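I opened a notebook on this structure.

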Amino acid sequence: MSLSEGNLRGTHFRSAGEGPPLVLVHGVGADLEMWTPLAALLSRHRRVVTYDMQGHGESAAPPGPYSLADFVRQLRRLAEDLDLPRFDLAGFSMGGLVAQGFALEHPGSVNRLILVNTVYDRSAAERQAVQTRVEEARSGGYLAGVEAAIERWFTPAFRTVRPELIEPIRRRMMTNDKAAYVAAYAVFATADEALAPQLGRIEAPTLVITGMEDQRSTPAMAQRMAAILPRARLQLFPGQRHMTPIEAPDRMAAVIDEFLGAPDAERQG
């Protein structure tokens with residue numbers, strides 16, 4: 001397996017495997033390490049690129065405020081630097097919003113799109129709740145919310161039997177650049193509202209995935225997304241909450257491999 005890691009124009013990235021390229025975009029407050037279990041499986045058949053969004057992990061953290069366009073531009077730069085004119089694209093949670101924005105702005109670059117546990121068109125009450133969390137983080141309540149988030153994201157059974165897979169997420173959340181996290185979280189809190197009316201324009205075949213017990217990126221949201229996307233498939237995972245890529249990497253890899261299909265020359269990046 002080919003493996004490389006580096007930093008290009010302020011973006012920390014990792015590339016593993018060979019074949020058709022698949023880029024994975026993590027969620028707010030996490031970093032590329034969240035993809036480790038799933039990327040190891042997916043890189044058996046393709047080149048898997050993971051990276052830290054701006055303000056996260058080892059990537060640059062410019063001063064805020066941030067916009068969704070900033071994250072789309074970062075992905076565009078990375079694709080150019082890695083010579084990926086066309087690729088499959090998957091985004092988790094906030095990464096799913098970045099992936100949507102990228103697919104809308106650069107439709108010729110995306111072969112297939114995968115939206116994993118991604119929020120869609122929040123209700124007024126859901127929007128108010130997430131704005132409240134932004135303000136709590138901005139006023140210094142960020143760390144207090146980490147354990148509550150861990151409980152929402154992972155099932156009780158998984159927290160009991162696989163604490164070693166949860167600890168890197170907790171450690172990353174506890175050590176994030178606080179100003180950059182708040183700037184990114186503000187984008188996560190608002191971008192779905194602007195994206196929702198545009199999703200019908202996404203041309204790429206799209207796989208929509210979420211956990212049946214995800215409390216924030218809900219099955220209802222996934223169903224509505226799949227209904228509005230012109231070429232969508234829906235996959236709901238029973239017994240899963242938010243961190244499906246970490247809790248169920250084998251099941252998710254099987255679904256993604258089936259969706260992407262066998263590598264072929266036409267889809268090489």
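I began with a definition: rings of Phe, Tyr and Trp (its six-membered ring) pair if their centres lie within 6.5 Å; planes under 30 degrees apart count as stacked, over 60 as edge-to-face and the rest as tilted. This is a predicted model, where local features need pLDDT of at least 70, side-chain atom pairs count only at pLDDT 80 or more, and totals for chains, interfaces and linings use all residues. Residues are numbered from 1 along each chain as its sequence is written, and side-chain values use heavy atoms, with hydrogens and water left out.

**Entry 1: rings**

I looked up the aromatic pairs and found 6. W35 and F92 make an edge-to-face pair, because their planes stand at 85 degrees, with ring centres 6.4 Å apart. This pair links distant parts of the chain, 57 residues apart. W35 sits in the loop between β3 (21–25) and α1 (36–42), and F92 in strand β5 (residues 87–92). Buried means under 20% relative accessible area, exposed over 50%, partly exposed in between (1.4 Å probe, protein chains only).

F154 and F158 are stacked, 5.7 Å centre to centre with 10 degrees between the planes. F154 is buried at 0% relative accessibility. F158 is buried too, at 8%. I also noted one aromatic cluster, formed by Y181, Y185 and F188.

**Entry 2: core**

Next I took the largest nonpolar core, which has 90 residues. Such a core is a set of buried Ala, Val, Leu, Ile, Met, Phe, Trp, Tyr and Cys residues joined through side-chain atoms within 4.5 Å. Among those touching the most other members are F154 and I114. α8 gives this core its largest share, 11 residues. I then listed contacts of I114 (heavy atoms within 4.5 Å). Beyond four places in sequence, its partners include L89, L207, I256 and F259.

**Entry 3: pocket**

Which residues lie nearest the centre of the largest pocket? I found R133, R152, Y181, Y185 and R216, in a lining of 35 residues. A pocket is an open set of points on a 1 Å grid over the protein atoms alone, where a 1.4 Å probe fits, with protein on both sides within 12 Å along at least five of seven lines; lining residues have an atom within 4 Å of a point. α4 (124–141) supplies the largest share of the lining, 8 residues.

Notes:
Helix = DSSP H or I, 4+ residues; strand = E, 2+ residues; numbered from the N terminus.
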